[in-house]
Amino acid sequence: IAQYGLDKDTFMGHLEAQLAILRFVEIRFSQEVSVSDADVQAFMRDQPTRMDANSARQQLVEARTDEALSAWLEEARKQFNIVYLDKELQ
């Protein structure tokens, strides 16, 4: 932490902000994700290593939650004119 010039309170503040964002994403997007038993079975067949159905379902939910978040962000970006002051961020 000290190497990056952060004190404990600043570091904890960043962690709390990240946790709040993760909770928002989970609450907002994972509820609209649907994973069927057939989806789980197909996913398990396609994996190089064996996994149980619960792990497969969890991975599918997480992947589909990420997809829903990405789609939402893309739609939000279309509604606003974003001007990048730092050209490296584009």
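Are α1 and α3 roughly parallel or roughly perpendicular to each other?

1. The model is predicted. Helix α1 covers residues 8-29, helix α2 covers residues 37-46, and helix α3 covers residues 53-78.

2. The axes of α1 and α3 lie 10 Å apart, and the two helices pack at an angle of about 95°. Angles of 65 to 115 degrees count as roughly perpendicular, and α1 and α3 are therefore roughly perpendicular to each other. That settles the opening question.

3. On the α1 side, the contact is made by Phe-24, Val-25, Arg-28 and Phe-29. On the α3 side, Thr-65, Ala-68, Leu-69 and Trp-72 take part. By residue type, the contact of α1 with α3 has 6 nonpolar residues, 1 polar and 1 charged.

4. The structure holds 4 salt bridges. Three of them are described below, beginning with the one that involves Arg-28.

5. Arg-28 has a relative accessible area of 35%, so it is partly exposed. Glu-32, at 51% relative accessibility, counts as exposed, because the cut-off for exposed is over 50%.

6. A second salt bridge joins the side chains of Arg-57 and Asp-37, at 2.5 Å from N to O. This pair links distant parts of the chain: Arg-57 belongs to helix α3 and Asp-37 to helix α2, and the two are 20 residues apart. Arg-57 is partly exposed, with a relative accessible area of 28%. Asp-37 counts as exposed, at 55% relative accessibility.

7. Glu-74 and Arg-77 form another salt bridge, with their closest N and O atoms 3.9 Å apart. The cut-off for a salt bridge is within 4 Å, so this pair qualifies. Both residues are in helix α3, and because they are 3 residues apart there, about one helical turn separates them. Glu-74 is partly exposed at 41% relative accessibility, and Arg-77 is partly exposed as well, with a relative accessible area of 44%.

8. Arg-57 of α3 pairs with Asp-37 of α2, and Glu-74 pairs with Arg-77 within α3 itself.

Definitions and conventions. Residues numbered from 1 in each chain as written. Predicted model: local features only at pLDDT ≥ 70, side-chain atom pairs only at ≥ 80, totals over all residues. Heavy atoms only, no water. Buried < 20%, exposed > 50% of the residue type's maximum accessible area, 1.4 Å probe, protein only. Helix = DSSP H or I, 4+ residues; strand = E, 2+ residues; numbered from the N terminus. Axes fitted to C-alpha atoms, helices over the stretch in contact; angles between N-to-C directions. Parallel < 35°, antiparallel > 145°, perpendicular 65-115°, else oblique. Contact = heavy atoms within 4.5 Å. Nonpolar A, V, L, I, M, F, W, Y, C, P; charged D, E, K, R; others polar.
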